[in-house]
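Hi,

Here is the structure I promised to pass on. Have a look at it first, and then read on for what turned up.

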Amino acid sequence: MKDRLTMEEKLAAYIEGTLSEEEKSIIEEQLKESEEMRETLSDLRKTIQLLQGLEEVETPNWFTEKIMSRVREGTEQKKGIFERLFFTLHIKLPIQVFAVIFLAAVSIFIYKSYKPEPDSIRSTQPGIPTDQPQTEEVWGDIRIIVNVKDIDNANNAVQTAITNLGGIVLRKQSFKSKNILFVLLDLKQVNELYERLKPIGEVKEEGDLSTVKGNVKVKIEIVNK
Amino acid sequence: MKEKDYITIDEDFRLISLCQKGDLVAFEELVRRHDKEMLNIAYRMIGNYEEACDVVQDGFVSAYKNIKSFKGMSKFSTWLYTIVINLSKKRLKQLKTQRFREPVSIDEPINTGGDQMIVDPPSSSPLPDEILEKENIQEKVRLCLDRLYNEFREVVVLRDVQGFSYEDISSILKIAEGTVKSRLFRGRVLLKNCLKRFMGVI
């Protein structure tokens, strides 16, 4: 089904340069003879200019953080699917039946706990996990630690080196005496990066690149000596 | 393709493959690259900044949830903008019932010689003159854009405001290039008529 354009729409198409040669000639003849058409054409051109001149709006300062926070919430909610499934089952089972089964299980457990057992069966308590030390985000194929005297200068130098090698700084984190950069870099540039970091400070590398292809995730820690 | 476009597309794909493995740091970079354009498209579609911000957030959350289904058959940006246009139209529909908004874009139907576009009847409540007097030209353009029928507004926004090619618009809106052009031309005429009515001389 072919749309038929009105004369005004043909003028809009004329501005765009999408009319056939024949149609274009017809329009140009008509424009020569009709002031009204010339005015309409001029108005259309100005309309397009006004549209093109609309100022862009800026994103709010908090925008990326808010988006990422919602994205993270979404991934955490996925982990709750098991709870939701259990909850569905819970609805199916009468609460009283569940309570009875639970109480019976607890009673049996308590009875067995107080029953004398051979030493070999009395196993040691499962190791109480020690408090995990506060760890930073685990990320990256390799980790490069750069010990420096001036963290701010070093930060700029490192980022310059990364940019010059075609790498991308995905994210930055600042701590009291350390800056962390999450970097994506071509595998072929990693050695060169290492060489460029050496003049900046004492460089130490950890990790294994033997299985990495293409792009490498590099976590660079710039640490104050 | 410009060199800059080639590099940008290539880097997007690098990041997308990481995102598909659950890397949120890579996704954050994709957000930074595309959030402004997304917001401008949503804002020009919806006409309200706060609503546009909400829609863009929803758009990125949806994009991350579905990122594994992105197969690279189109540009990632095209895929993203399709999401935001669809969400914007959905939000507009919700807002229509909640607030005073003119659903009509034109005073007269388009005469296509038998292929009539279906339009709503004209509004009986014109915009107050005293408000219009205070608005600058940008606001008048925005108001007239807001009054366009969705199908015209989206092509006018993508082509004349955001500068997309016909090919990209066709991919984003999932319509033929010919349809893009005809809607664009009609949309421009309608907008021109609206501006003339409210401004006199453009």
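One term before the rest: a polar contact here is a pair of N or O atoms within 3.5 Å, and within protein one of them must be able to donate a hydrogen and the other to accept it. Please also keep in mind that this is a predicted model.

That term matters for the start of helix H7 in chain A. Asp150(A) caps the N-terminal end of H7(A), with a side-chain oxygen 3.1 Å from the backbone nitrogen of Asp152(A). At the other end, H7(A) is followed by Gly166(A), which has a positive phi, near 80°.

The length of this helix checks out too. H7(A) covers residues 151-164, and at 1.5 Å a residue its 14 residues should span 20 Å; the end C-alpha atoms are 20 Å apart, so the two agree.

Which residues of H7(A) are buried? They are Ile151(A), Ala154(A), Asn155(A), Val158(A), Gln159(A), Ala161(A) and Ile162(A). Because they cover an arc of only 155° around the axis, they sit on the same side of H7(A). As for what the buried residues pack against, the partners in chain A are strands E1 (142-148), E2 (168-174), E3 (178-186) and E5 (215-224), plus helix H8 (190-197).

Now the chains as a whole. Chain A has 8 helices and 5 strands, and along the sequence they run α-α-α-α-α-α-β-α-β-β-α-β-β. Chain B has 9 helices and 0 strands. Of the 225 residues of chain A, 29% count as buried; for the 202 residues of chain B the figure is 53%. Taking contacts with a separation of 6 or more, residues 24 or more positions apart account for 72% of them in chain A and for 62% in chain B.

Chain B has a helix H7 of its own, residues 150-161. Of its 12 residues, 9 are buried, so H7(B) is largely enclosed by the rest of the structure. Gly163(B) follows H7(B), and its phi is positive, near 80°.

Next, the cores. The largest nonpolar core has 85 residues, and Phe27(B) and Leu145(B) have the most contacts inside it. Helix H2 of chain B (residues 24-46) gives the largest share, 13 residues. Domain 1 (1-99 + 111-119) and domain 2 (122-202) of chain B both contribute residues, so this core lies between them. Leaving out residues up to four places away in sequence, Phe27(B) touches Met68(A) and Val71(A) as well as Cys19(B), Phe60(B), Tyr64(B) and Ile67(B). Apart from this core lies another one, of 21 residues, including Ile142(A), Val148(A), Ala154(A) and Val212(A).

Is Thr47(A) buried or exposed? Its relative accessibility is 1%, so Thr47(A) counts as buried, the cut-off being under 20%. Not counting residues up to four places away in sequence, Thr47(A) touches Arg188(B), Leu191(B), Lys192(B), Leu195(B) and Ile202(B).

Cheers

Note on methods:
Residues numbered from 1 in each chain as written. Chains lettered and ligands numbered in written order. Predicted model: local features only at pLDDT ≥ 70, side-chain atom pairs only at ≥ 80, totals over all residues. Heavy atoms only, no water. Buried < 20%, exposed > 50% of the residue type's maximum accessible area, 1.4 Å probe, protein only. Contact = heavy atoms within 4.5 Å. Helix = DSSP H or I, 4+ residues; strand = E, 2+ residues; numbered from the N terminus. Expected span 1.5 Å × (residues − 1). Arc of directions from axis to C-beta. Core = buried A, V, L, I, M, F, W, Y, C linked by side-chain atoms within 4.5 Å. Domains from an automatic or database assignment.
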